[in-house]
Amino acid sequence: MGIRGTGSFLPVETVPNSVVAERAGVTADWIVRKTAIRERRYAAADEATSDLAVAAAASALADAGVRAGDLAWIVVATSTPDQPQPATASLVQHRLGAEGAAVFDLNAVCSGFVYALVTVAALLSGGTVGARRHGLVVGAEVYSRIIDPADRRTAVLFGDGAGAVVLGPVRAGYGIVGSDLIGFGQHHDMIGVPAGGSRRPASQETLASGEHYFHMQGRAVRDFVTTELPAGVRRLLTVCDIAPDAVDHFVPHQANGMMLREVLPLLGLPRARTHLTVAEHANTGAASVPLALDTVRRGGLLEDGDTVLLAGFGGGMSLGTALVRWDGAPGDG
């Protein structure tokens with residue numbers, strides 16, 4: 001199984017650093033120095049995560065030449081669903097007209113897209129009902145609704161967006177070569193939204209204390225990524241028996257541009273072209289990897305047979321990497 005089509009969607013409103021900086025009590029230049037982010041997009045008041053997801057999904061389906069009614073699986077990776085239930089994937093299925101598909105959400109925070117990609121590929125490889133041979137994986141987030149605009153540790157980092165891929169049969173030797181997914185539950189307190197669940201139900205008290213906002217221990221997260229991302233990349237290449245210099249493209253989670261620049265030399269990927277879209281998109285959570293991948297593909301930067309390394313890391317803590325040999329042949333629909 002491999003990627004047969006890609007798509008993405010960004011809200012219309014562009015929010016420059018100057019706007020975010022004023023609310024967070026910093027300067028626009030400070031944001032660039034600390035994160036390499038220059039702007040981000042925010043969803044309109046009447047847009048929710050499912051709206052962004054549907055637009056990205058429709059783009060990916062068109063790119064793959066696959067009809068929504070031919071999908072066996074739809075999985076939406078998100079940590080900002082429209083509502084606690086039902087699954088946002090159910091809304092996406094309805095809007096797309098993908099009757100008969102099995103649907104669910106997956107929450108591994110910013111690792112979510114890679115986790116969902118590997119999951120759907122495995123489900124498709126295990127066999128599907130009837131003639132349906134394709135799956136849809138969407139990463140979509142509206143982080144602007146859960147960040148405290150006055151918290152400079154988080155408000156400057158996040159934006160909204162969605163990215164999607166259609167998975168299906170590819171030629172022998174192509175597609176998803178291997179993956180490495182791992183959780184670090186001992187670090188569950190590094191990232192999270194404390195209130196709104198069964199332990200801390202939403203209340204006047206939790207609203208007053210800001211517990212419905214996204215919280216992050218920035219330094220601890222940076223240390224985690226610096227240690228665990230290089231280790232995860234090494235594990236994946238070892239399992240796949242792929243030499244580091246055989247990787248052509250590296251598409252990471254667009255967490256923080258400066259942090260990524262610091263960790264890149266530790267990955268040992270001498271030939272890989274690293275693709276960063278964080279300056280324009282900011283951190284879009286589970287959407288960041290598919291957004292960046294779609295930007296790369298539509299820019300004509302992927303060639304048949306290229307080896308692409310995808311990497312996500314986020315709350316939980318969680319880490320997911322996947323190696324894809326790009327099939328540039330026309331899709332079979």
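Trainee: Which residue of strand 6 stands opposite alanine 77?

Mentor: Glycine 139 does. This is a predicted model: local features need pLDDT of at least 70, side-chain atom pairs count only at pLDDT 80 or more, and totals for chains, interfaces and linings use all residues. Residues are numbered from 1 along each chain as its sequence is written, and side-chain values use heavy atoms, leaving out hydrogens and water.

Trainee: What makes strand 4 and strand 6 a pair?

Mentor: Pairing takes at least two DSSP bridges. Strand 4 (residues 71-77) and strand 6 (residues 134-142) share six, running parallel. Therefore they pair. Strands here are DSSP runs of E, at least two residues; helices are runs of H or I, at least four; both are numbered from the N terminus.

Trainee: Why is the contact of arginine 235 with aspartate 180 called a salt bridge?

Mentor: The rule is a side-chain nitrogen of Lys or Arg within 4 Å of a carboxyl oxygen of Asp or Glu. Their closest N and O atoms are 3.0 Å apart, so the pair qualifies. Arginine 235 sits in helix 7 (residues 218-240) and aspartate 180 in strand 8 (residues 175-183), 55 residues apart.

Trainee: Is arginine 235 buried, partly exposed or exposed?

Mentor: Buried is under 20% relative accessible area, exposed over 50%, partly exposed in between (1.4 Å probe, protein chains only). Arginine 235 has 28%, so it is partly exposed. Aspartate 180 has 14%, so it is buried.

Trainee: What separates arginine 298 and aspartate 294 in helix 10?

Mentor: About one helical turn, because they are four residues apart. Their side chains form a salt bridge at 2.7 Å, N to O. Aspartate 294 is buried at 3%; arginine 298, at 44%, is partly exposed.
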